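User: I'd like to learn how to read a structure piece by piece. Could you take a close look at one part for me?

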Amino acid sequence: MVPIVGGLVSFVIALLIGGVAISLSARVIVDVDDYGHAIMTAFLGAVGWALTSWVPLIGPLIALVVWIGVINWRYPGGWMNAGAIGFIAWLAASVILFITNSLFSLGIGAFGIPGV
């Protein structure tokens, strides 16, 4: 029972951090301020990544396009803005996790943000 609870808590924290990163970047790039929308975008982006990243050789590239495509679908502005939202979200999540993991030694990631 305890490992399930710990895994669930880690998942929720990682999803919330992914949502914060996407929310911050969406606010900067397209002036959309909806944290709930960002959490759902992080979740859907992670599902898209999981479904496509396993493809040999080109899986990570396909997964990145799918992840940016999810952002493009969920936010206005087209592919360039979606790419910018994704990049800033990745950067924000990296900074948030570096600080959080340094202060609290949690060792968590950001669900919905690739490579973090």
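Where is the place of Met80? Please use that as the starting point and show me the surrounding part.

Analyst: Happy to! One thing before we start: this is a predicted model, where local features need pLDDT of at least 70 and side-chain atom pairs count only at pLDDT 80 or more, while totals for chains, interfaces and linings use all residues. Residues are numbered from 1 along each chain as its sequence is written, and side-chain values use heavy atoms, leaving out hydrogens and water.

Met80 sits in helix H4; helices here are DSSP runs (H or I, at least four residues), numbered from the N terminus. Met80 counts as exposed because its relative accessibility is 73%, and the cut-offs are under 20% relative accessible area for buried, over 50% for exposed and in between for partly exposed, with a 1.4 Å probe and protein chains only.

Now look along the helix itself. H4 has 27 residues and reaches 38 Å from its first C-alpha to its last, close to the 39 Å expected at 1.5 Å a residue (the expected span is 1.5 Å times one less than the number of residues). After H4 comes Ser105, which has a positive phi near 50°.

Helix H3 covers residues 59-74, so to speak a run of 16 residues, and spans 22 Å from first to last C-alpha, close to the expected 22 Å. Its buried residues are Gly59, Ala63, Trp67, Ile68, Gly69, Val70, Ile71, Asn72 and Arg74. Helix H2 (35-52) and helix H4 (78-104) are included in what covers them.

How do H3 and H4 meet? Their axes come within 8 Å and cross at roughly 110°; axes are lines fitted to C-alpha atoms, for helices over the stretch in contact, and angles run from 0 to 180 degrees between N-to-C directions. The two helices are therefore roughly perpendicular to each other, a label used for angles of 65 to 115 degrees. On the H3 side, the contact (heavy atoms within 4.5 Å) is made by Val65, Trp67, Ile68, Gly69, Ile71 and Asn72, and on the H4 side by Gly78, Trp79, Ala82, Gly83, Ile85 and Gly86. These contact residues divide into 7 nonpolar, 5 polar and no charged. In this scheme Ala, Val, Leu, Ile, Met, Phe, Trp, Tyr, Cys and Pro are nonpolar, Asp, Glu, Lys and Arg are charged, and the others, Gly among them, are polar.

Let's also follow Met80 to a residue elsewhere in the chain. Met80 and Asp31 are 49 residues apart along the chain, and their C-alpha atoms are separated by 15 Å. Asp31 belongs to the loop between H1 and H2. Asp31 is exposed, with a relative accessible area of 66%, and has a positive phi of about 55° although it is not a glycine. Leu57, in the loop between H2 and H3, also has a positive phi, about 70°, without being a glycine. Leu57 counts as exposed, at 88% relative accessibility.

Finally, how confident is the prediction? The chain averages a pLDDT of 92, and 98% of the residues score at least 70; pLDDT is the predictor's confidence in each residue, from 0 to 100. Confidence is highest in H3, at 96, and lowest in helix H1 (residues 2-30), at a mean of 90.

Technical notes
Parallel < 35°, antiparallel > 145°, perpendicular 65-115°, else oblique.
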